[in-house]
Amino acid sequence: MKLYRTTNGIFVEQQQRFHPVPATGWDELVNSADLYHRVQVAAAGDSDSEMLDGSVLAPIDGQEVWAAGVTYFRSRSARMEESKDSGGGTFYDRVYAAERPELFFKATGRRVVGPGDPVRIRSDARWSVPEPELTLLINSSGHIIGYTIGNDMSSRDIEGENPLYLPQAKVYDGSCALGPCVLLSPEPLSQSTAIHLEIDRNGATAFAGNTTLAELKREPKQLAEYLFRDNSFPAGAFLMTGTGVVPGDDFTLASGDRIRIAIDGIGVLENVVK
């Protein structure tokens, strides 16, 4: 089942039909102990066309967004290359092999954009890329309750200049997109789940790439457990699990580029660079 947050309320999609889900709010629903039962009951009720008249919002309210880094070999290699001149390359190699993952804060709900809304590149960056990522929705008890698509916009030149600049390379207005929905599932996704990235520029494909969850080095459950160590999230949290699709060093985003990220079983997240 897929859960949508819209301007007309919360809806569940079941067999291509949309059903309203009674709730006092997004945060209350996703942290409810009987979330799956409530959504199943709603899906068994009458469908409603109101969702089609409203706008689909990012599936976030009071949650924080965090991210895991260097969880794919491709990401490790790219980070080592971009930071070799600053002497930071070995850090990425070591964290890829370490027991403890790299976790960093990404965004509050205010900085997150939803499907169809514009993402941004930093005005002081020369080398910017999208990072397509399977993103976990974790409730306040630390349990993974669902999955969505995330775009972790990144300024590679700023991060590569000095690893301590990572917050500036990663955290700014419009640097994070989530959506279009949350795929509710208490079970892990199959390792064959594919993640696709396509960037269109002036009507032509400027970049395309893909990976699967089989390439993800760390288990999502392990990443969630590390995030919740000695940390509390009263409204729950989103955790981006890292990227295995990185455009080449000769590519940077430009205003007007259309970013399309698809993940099997979830859907498509599409945004245009402002």
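Thr71 counts as buried, at 1% relative accessibility, in what is a predicted model. Thr71 belongs to the loop between strand 4 and helix 4 (73-82), and a polar atom of its side chain lies 2.6 Å from the backbone oxygen of Thr241. Once the neighbours within four places in sequence are set aside, the contacts of Thr71 comprise Tyr96, Glu215, Leu216, Lys217, Arg218, Thr241, Gly242 and Thr243.

## Overall dimensions

The protein has 8 helices and 16 strands. Its radius of gyration is 18 Å, close to the 19 Å that the globule rule gives for 274 residues, so the protein is as compact as a globular protein of that length. Along the principal axes, the C-alpha trace spans about 60 × 45 × 30 Å.

Of the 274 residues, 53% count as buried. Where contacts are taken between residues at least 6 apart in sequence, 74% of them join residues that are at least 24 apart.

In helix 2 (residues 35-43), the buried residues include Leu35, Val39, Ala42 and Ala43. Seen down the axis of helix 2, its buried residues fall within an arc of 100°, so they line one face of the helix. The elements against which the buried residues of helix 2 pack are strand 1 (2-6), strand 2 (9-14), strand 3 (17-20), helix 1 (26-30), strand 9 (144-152) and strand 11 (176-184).

## Helix 8 and its packing partners

In helix 8 (residues 220-227), burial is found at Pro220, Leu223, Ala224, Tyr226 and Leu227. Viewed along the axis of helix 8, its buried residues fall within an arc of 160°, so they line one face of the helix. The buried residues of helix 8 pack against strand 4 (64-69), strand 5 (102-108), strand 8 (132-138), strand 9 and strand 14 (237-240).

## Two residues of the loop between strands 6 and 7

Gly116 is found in the loop between strand 6 (112-113) and strand 7 (128-129), and Arg122 has its place in the loop between strand 6 and strand 7 as well. Gly116 is exposed, with a relative accessible area of 62%, whereas Arg122 is buried, with a relative accessible area of 18%; the cut-off matters for Arg122, because buried means under 20% relative accessible area.

The side chain of Arg122 is joined to that of Asp124 by a polar contact of 2.7 Å, and the side chain of Arg122 also reaches the backbone oxygen of Gln168 at 2.8 Å. Beyond its neighbours within four places in sequence, Arg122 is in contact with Ser155, Ile158, Gln168, Val171 and Tyr172. Gly116, with its neighbours within four places in sequence left aside in the same way, is in contact with Glu270 and Asn271. The C-alpha atoms of Gly116 and Pro180 are separated by 9.2 Å, while the two residues are 64 residues apart along the chain.

An open sheet of 4 strands has the order 13-12-15-16, with antiparallel pairing. Strand 13 (204-212) and strand 16 (267-272) stand at its edges, each with a single partner strand, so one side of each is left without a neighbour in the sheet. On average, and with direction ignored, neighbouring strands of this sheet are turned by 15° against each other.

Within this sheet, strand 15 (residues 258-263) and strand 16 run antiparallel and are joined by 6 bridges. Ile259 stands opposite Asn271 in strand 16, and Asn271 is also one of the residues in contact with Gly116.

Technical notes. Residues numbered from 1 in each chain as written. Predicted model: local features only at pLDDT ≥ 70, side-chain atom pairs only at ≥ 80, totals over all residues. Heavy atoms only, no water. Buried < 20%, exposed > 50% of the residue type's maximum accessible area, 1.4 Å probe, protein only. Contact = heavy atoms within 4.5 Å. Pairing = 2+ DSSP bridges. Axes fitted to C-alpha atoms, helices over the stretch in contact; angles between N-to-C directions. Polar contact = N/O pair within 3.5 Å; in protein donor to acceptor, adjacent residues only side chain to side chain. Arc of directions from axis to C-beta. Rg over C-alpha atoms; globule rule 2.2 N^0.38 Å.
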